[in-house]
Amino acid sequence: MKLIAPFAATLALALSACATTPAAQEMVTVTGEATYRERIALPPDAVMTVRIEDVSRADAPAPVLAEESYPAEGRQVPLPFAVEVPRAALEGAITTSARVRIEDGDGRLMWITDTRTPVTPVAGEARIDLGTLVMVRTRD
């Protein structure tokens, strides 16, 4: 019994060290760009927000896994984005999706994606490129 206690303590210490390694906290970078087809300039105070959401449950609010906001600062579409998402959050969700929206300076929604864009991690890859996400207009 005396021989087992030191071995168990050493094993527990080794296992707890594994739980905090960089691999356990690995991030995946989700990149892409957002655009729309209409020839309408964005106001200089517009803000683009990109969310990576767990959309696994129907008829329930989608938990946000990661979110980044980008002020337009006079730039026009296509607007690039890069969002850091914990790999464990992506792998723990059954279905994940990217959502992009652009609001004016007063917080009124102007443009939004209206299709589901899957965000699927690939083993060994630290980046997911979603390409170009096309938004639709929400108001005049």
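These legends describe close-up views of a predicted protein model.

View 1. The order along the sequence is α-β-β-β-β-α-β-β-β-β. The protein has 140 residues, and 30% of them are buried. Its accessible surface is about 8700 Å². Carbon and sulfur atoms account for 57% of that surface. Of the contacts between residues at least 6 apart in sequence, 67% link residues at least 24 apart.

**View 2. The largest nonpolar core contains 27 residues.** Leu42, Met48 and Phe81 have the most contacts inside this core. Seven strands are named here as giving two or more residues to the core: β1 (27-35), β2 (47-54), β3 (64-71), β4 (79-86), β5 (96-103), β6 (109-113) and β8 (127-137). In soluble globular proteins, nonpolar side chains tend to be buried together.

**View 3. Strand β5 pairs with β2 in the antiparallel sense.** Eight bridges join these two strands. In one of them, Asp54 is partnered by Thr96 of β5.

**View 4. Strand β5 also pairs with β7, residues 117-118.** The pairing is antiparallel, with two bridges. Ser97 has Pro118 of β7 as its bridge partner.

**View 5. Strands β5 and β6 form a hairpin.** Their pairing is antiparallel and spans three bridges. Glu103 lies opposite Leu109 of β6. Five residues separate the two strands. In the turn, Gly107 has a positive phi of about 85°.

Definitions and conventions:
Residues are numbered from 1 along each chain as its sequence is written. This is a predicted model: local features need pLDDT of at least 70, side-chain atom pairs count only at pLDDT 80 or more; totals for chains, interfaces and linings use all residues. Side-chain values use heavy atoms; hydrogens and water are left out. Helices (H or I, at least four residues) and strands (E, at least two) are DSSP runs, numbered from the N terminus. Buried means under 20% relative accessible area, exposed over 50%, partly exposed in between (1.4 Å probe, protein chains only). Contact means heavy atoms within 4.5 Å. Accessible areas come from the Shrake-Rupley method with a 1.4 Å probe; for residues, only the protein chains shown count as cover. A nonpolar core is a set of buried Ala, Val, Leu, Ile, Met, Phe, Trp, Tyr and Cys residues joined through side-chain atoms within 4.5 Å. Two strands pair if DSSP finds at least two bridges between them.
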